[in-house]
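The following note sets out numbered points for a colleague who is examining the model. Please read each point alongside the coordinates.

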Amino acid sequence: MRNYYIAGNWKMHKTRSEAAELAKTLVAQLKDGKHKYLVAPTFTSLETVGAIVKESNVLLGAQNMAAEEQGAHTGEVSVLQLKDLGVQVVILGHSERRHVYKENDALINKKVNLALKHGLEVILCIGELLEEREAGKAEQVCETQTVKGLAGVSAADLARVTIAYEPVWAIGTGKTATPEDADAIHAYVRKVIGKLYGADASAQIIIQYGGSVKPDNAAQLMAKENIDGALVGGAALKADTFVPIAKFS
Ligand code: PGA
């Protein structure tokens, strides 16, 4: 039985005091929540939010990290620095990283392996562009991003990997994939994991959906067999919208 996993990606929003306020509300309102929870504030708020979610059932996540441990990498943040702040999870391969900041599968894969080597959990984001979907290539794109993103990851380490399927055309656009369309890709990715790691891993891996998840569509998405949670952007910025998603039933 897979546990639902609801994650909030706060992207480049909120000052430390705004982040602290939201984190405090979430800790209070989610303390009786039944699912696995994560918040991923911007780097500058990690320490502040980390102090608030410590000892709660909300994990602390970062939105990205460097592919190297340390060195001359101006503007980057290292896995060692994230661990030092108590970060437990890192989101890698988000579509904004892939498409705006031009991260490719090889770079993302390097980050995945580095994060796992240092004991972090990883949320590996995958997803197709609108033109790829319209060309009938959604499955192929998601397969390639999954296979290349996980290159070199052992079966044991895969237990610390969550996949987030986020069709790029659904992110921040208000357009959500239908539960059926999302589930079809999730089922396909689960098969890809099966080919790579076997039936047990395929049955156990958590696959989140992301892309305009809101309180009024969360339950329908989660009801699908292969959808095990959500990676939430816009609706994660307010407790009023994140908590109902996190406590969907
Ligand atoms: P959205 O973002 O919920 O605002 O569509 C999701 C994401 O980018 O993770």
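1. Gln145 counts as buried, at 8% relative accessibility; buried means under 20% relative accessible area, exposed over 50% and partly exposed in between, with a 1.4 Å probe and protein chains only. Gln145 belongs to helix 7, residues 138–149. Helices (H or I, at least four residues) and strands (E, at least two) are DSSP runs numbered from the N terminus. A polar atom of the Gln145 side chain lies 2.8 Å from the backbone nitrogen of Gly127. A polar contact is a pair of N or O atoms within 3.5 Å; within protein, one must be able to donate a hydrogen and the other to accept it, and residues adjacent in sequence count only if both atoms are side-chain atoms. Not counting residues up to four places away in sequence, Gln145 touches Arg98, Asp105, Leu124, Ile126 and Gly127, where contact means heavy atoms within 4.5 Å.

2. On provenance, this is a predicted model, in which local features need pLDDT of at least 70 and side-chain atom pairs count only at pLDDT 80 or more, while totals for chains, interfaces and linings use all residues. Residues are numbered from 1 along each chain as its sequence is written, and side-chain values use heavy atoms, with hydrogens and water left out.

3. Which residues come nearest to the ligand? Of the 13 residues around the ligand, they are Lys11, His94, Glu166, Gly172 and Ser212; a residue is near a molecule or strand if one of its heavy atoms lies within 4 Å of it. By class, the shell holds four nonpolar, seven polar and two charged residues. In this classification Ala, Val, Leu, Ile, Met, Phe, Trp, Tyr, Cys and Pro count as nonpolar, Asp, Glu, Lys and Arg as charged, and the others, Gly among them, as polar.

4. A polar side-chain atom of His94 is 2.6 Å from an oxygen atom of the ligand. For Glu166, an N or O atom in the side chain is 2.7 Å from an oxygen atom of the ligand. Gly233 places a polar backbone atom 2.8 Å from an oxygen atom of the ligand. The ligand on its own has 280 Å² of accessible area, of which the protein covers 95%; accessible areas come from the Shrake-Rupley method with a 1.4 Å probe, and for residues only the protein chains shown count as cover.

5. Most residues other than glycine have a negative phi. Lys11, in the loop between strand 1 and helix 1, has a positive phi near 50 degrees. Lys11 is buried, with a relative accessible area of 18%. Ser212, in the loop between strand 7 (207–210) and helix 11, has a positive phi of about 55 degrees although it is not a glycine. Ser212 counts as buried at 14% relative accessibility.

6. Thr42 lies in the loop between strand 2 and helix 2 (46–53) and is buried, with a relative accessible area of 18%. Leaving aside neighbours within four places in sequence, Thr42 is in contact with Lys11, His13, Lys14 and Gln63.

7. In helix 12 (residues 239–246), the buried residues are Ala239, Phe242, Val243, Ile245 and Ala246. Seen down the axis of helix 12, they fall within an arc of 160 degrees, so they line one face of the helix; the arc is that of the directions from the helix axis to the C-beta atoms. Their cover includes strand 1 (5–9), helix 1 (16–30), strand 2 (36–40), helix 11 (215–222) and strand 8 (229–232).

8. In helix 11, Asn217, Ala218, Leu221 and Met222 are buried. Around the axis they cover an arc of only 130 degrees, which puts them on the same side of helix 11. The buried residues of helix 11 pack against strand 1, helix 9 (179–197), strand 7, strand 8 and helix 12.

9. Val232, in strand 8, is buried with a relative accessible area of 2%. Beyond its neighbours within four places in sequence, Val232 is in contact with residues including Ile6, Val213, Phe242 and Ile245. Leu38, in strand 2, is buried with a relative accessible area of 0%. Not counting residues up to four places away in sequence, Leu38 touches several residues, among them Tyr5, Val58, Val89, Ile123 and Phe242. The C-alpha atoms of Leu38 and Asn9, 29 residues apart along the chain, are separated by 8.5 Å.
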